[in-house]
Amino acid sequence: MDKQVAEVLVRTNAGTPMGELMRRYWTPVLLSSEIIEPDGPPVRVQILGEELLGFRDTEGSPGLISEFCTHRGASLFFGRNEENGIRCSYHGLKFNRLGECVEVPSAPRACEHMRIKSYPCIEKAGVVWAYLGPKELQPDDLDVEWSTLPDSHVFVSKRLQECNYLQALEGGIDTAHVTYVHRYEVDNDPMHQGTRSLDYIKADGNVVYEIEKTEFGLTLYGRRNADPESYYWRITQWLFPWHTLIPPFGDHALGGHVWVPVDDHNCWAWSINFRPDRPLTETERADMQAGKGIHCEYEPGSWRPRANKDNDYLVDRKAQQEKRAYSGIFGFAVQDASLQESMGPIQDRENEKLLPTDRAIVMARKLLHDNAVGLQSGEQPPILGAQAQQVRAAGVVLPKDTRPQEWADEHINGTRDQPVFSI
């Protein structure tokens with residue numbers, strides 16, 4: 001990849017082309033449970049290179065403001081969350097969730113001058129989302145399927161991944177790797193086991209891609225052999241710029257990810273499981289909370305996985321030899337993260353040699369780059385309206401003469417009235 005193109009793709013701080021593009025979309029910043037208590041402790045939030053503070057005010061509304069007081073730069077993390085605002089512990093200045101300075105004890109007339117940066121927030125599916133772009137261009141509320149469901153139908157986790165967001169995102173739209181890195185664990189994982197799709201995935205590692213550019217991003221059709229007269233299609237959706245919807249396995253919950261830059265060297269990996277048709281069972285939720293499936297276990301008191309680069313991801317070479325873990329690492333999330341982080345904080349893409357199975361990655365990079373550069377010239381990025389977001393991932397066996405695009409248009413594009421298609 002051209003070095004200049006790569007630089008545009010991986011730099012996301014304010015003022016960079018990609019950073020300005022990503023600020024046009026609703027961004028997940030906190031789990032609602034992190035600030036569950038009105039007037040409770042504030043939480044540091046770093047997103048797209050910005051150091052911010054999340055809190056819930058007296059009325060229960062979430063707020064996201066700059067972490068630092070405009071007076072002398074003290075951190076408001078050590079402030080008092082009280083009476084609908086954060087009061088700086090240094091000199092008593094008080095800021096509400098809109099960023100307005102409502103009190104300067106030593107100079108009451110200075111309030112307007114002391115205003116702080118703030119971003120509008122919404123809450124959906126147990127997540128606090130913020131919009132970091134120009135106020136006059138704020139998009140419609142998010143309408144990705146899982147974000148519209150009752151909390152009882154959804155489980156959301158997040159983890160810190162110690163590499164650039166693009167490495168994680170590219171893994172999310174790469175269905176070819178499932179045949180390898182997750183090959184052995186899928187048989188025992190409670191959120192994947194007992195499905196015919198696993199047989200097809202293991203038997204055919206030569207995935208053939210058909211990719212469709214859509215108004216919301218890309219639809220990826222990954223084809224594997226099924227029986228002599230049919231193909232197994234894994235249909236993955238990438239909703240621009242950072243949502244992925246994972247093809248389901250059997251009667252297990254559907255899944256998805258959101259890949260959000262913390263800074264250029266780290267990202268938040270949000271992982272979601274959901275059931276459109278019913279609440280998650282106690283067993284399903286317990287497995288997710290235990291780190292099964294696409295979730296993970298944490299280092300105590302942090303969002304960092306327990307298996308991380310400092311302990312070589314707890315690699316077990318005996319398990320690798322015995323074919324219990326393909327790479328010797330357990331847990332889908334950490335299996336992916338270990339390989340993506342192994343590329344370095346920012347992968348050197350000038351020296352990569354791509355294969356036919358990387359077509360989706362090439363197209364996603366081009367869409368991201370072209371829209372980031374176009375925004376600098378006044379072109380407006382694709383804003384995901386409600387109808388555009390009404391898509392679903394699927395796993396389906398179709399006769400060899402059936403075009404998967406036609407099947408998808410009828411069953412999973414632009415509608416949520418159809419059943420979940422999975423095998």
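Me: Where does K323 sit in this fold?
Reply: In this predicted model, K323 lies in the loop between α6, which covers 317–321, and α7.

Me: What is phi for K323, positive or negative?
Reply: Phi of K323 is near 60 degrees, which is a positive value in a residue other than glycine.

Me: And is K323 buried or exposed?
Reply: K323 is exposed, and its relative accessible area comes to 55%.

Me: OK, and N84, what stands out in its backbone?
Reply: Although N84 is not a glycine, its phi is positive at about 60 degrees. The place of N84 is in the loop between β5 (80–81) and β6 (86–87), and with a relative accessible area of 26% N84 counts as partly exposed.

Me: Changing topic, which residues does a cis peptide bond join?
Reply: A cis peptide bond joins F240 and P241, with omega at about 0 degrees. P241 is found in the loop between β15 and β16, and those two strands form a hairpin that has three residues between them.

Me: How do β15 and β16 pair, parallel or antiparallel?
Reply: Strand β15, residues 230–239, pairs with β16 in the antiparallel sense over three bridges.

Me: What about the pairing of β16 with β17?
Reply: β16 and strand β17, which spans residues 254–263, also pair in the antiparallel sense, over four bridges. Here T244 has H257 in β17 as its bridge partner.

Me: Which way do the residues of β16 point?
Reply: From β16, residues 243–246, H243 and L245 point one way while T244 and I246 point the other way, and all are buried.

Me: Which element gives the most to the lining of the largest cavity?
Reply: β17 gives the most to that lining, with four residues. At least two residues of the lining are supplied by each of α3, β15, β17 and α7.

Me: And how does the lining of the largest cavity divide by residue type?
Reply: The residues that line the largest cavity divide into 14 nonpolar, twelve polar and four charged.

Me: Now the open sites, what is the volume of the largest pocket?
Reply: The largest pocket has a volume of about 520 Å³. The lining of this pocket is made up of 23 residues, and D174, H177, M343, D358 and I361 are the ones that lie nearest its centre.

Me: Which elements give two or more residues to the lining of the largest pocket?
Reply: Those elements are α3 (165–172), α7 (332–341) and α8 (359–376). The largest share of the lining, four residues, comes from α7, and by type the residues of the lining divide into eight nonpolar, eight polar and seven charged.

Me: What about the second largest pocket, how much space lies in it?
Reply: About 430 Å³ of space lies in the second largest pocket. Of the 21 residues that line this pocket, E185, K292, E297, F330 and G331 are the closest to its centre, and the residues of the lining divide into ten nonpolar, five polar and six charged.

Me: How many disulfides are there?
Reply: The count comes to zero disulfides. C121 is in no disulfide, and the nearest cysteine sulfur, that of C101, is 19 Å away. C296 is likewise in no disulfide, with the nearest cysteine sulfur, that of C267, 12 Å away.

Me: Is C296 buried or exposed?
Reply: C296 is buried, with a relative accessible area of 6%.

Me: Last one, which residues does the Rieske annotation cover?
Reply: The UniProt annotation "domain: Rieske", which comes from an unreviewed entry, covers residues 26–130. In the model, the end C-alpha atoms of residues 26–130 lie 6 Å apart, and the span is 0% helix and 40% strand.

How values were computed:
Residues are numbered from 1 along each chain as its sequence is written. This is a predicted model: local features need pLDDT of at least 70, side-chain atom pairs count only at pLDDT 80 or more; totals for chains, interfaces and linings use all residues. Side-chain values use heavy atoms; hydrogens and water are left out. A disulfide is a pair of cysteine sulfur atoms within 2.5 Å. Buried means under 20% relative accessible area, exposed over 50%, partly exposed in between (1.4 Å probe, protein chains only). On a 1 Å grid over the protein atoms alone, a cavity is a set of points where a 1.4 Å probe fits but cannot get out, and a pocket is an open set with protein on both sides within 12 Å along at least five of seven lines; lining residues have an atom within 4 Å of a point. Grid points are joined across faces, edges and corners, and a volume is the space filled by probe spheres set on the points. Ala, Val, Leu, Ile, Met, Phe, Trp, Tyr, Cys and Pro count as nonpolar, Asp, Glu, Lys and Arg as charged, and the others, Gly among them, as polar. UniProt positions are given in the numbering used here, feature names are shortened, and annotations may be inferred rather than shown by experiment. Two strands pair if DSSP finds at least two bridges between them.
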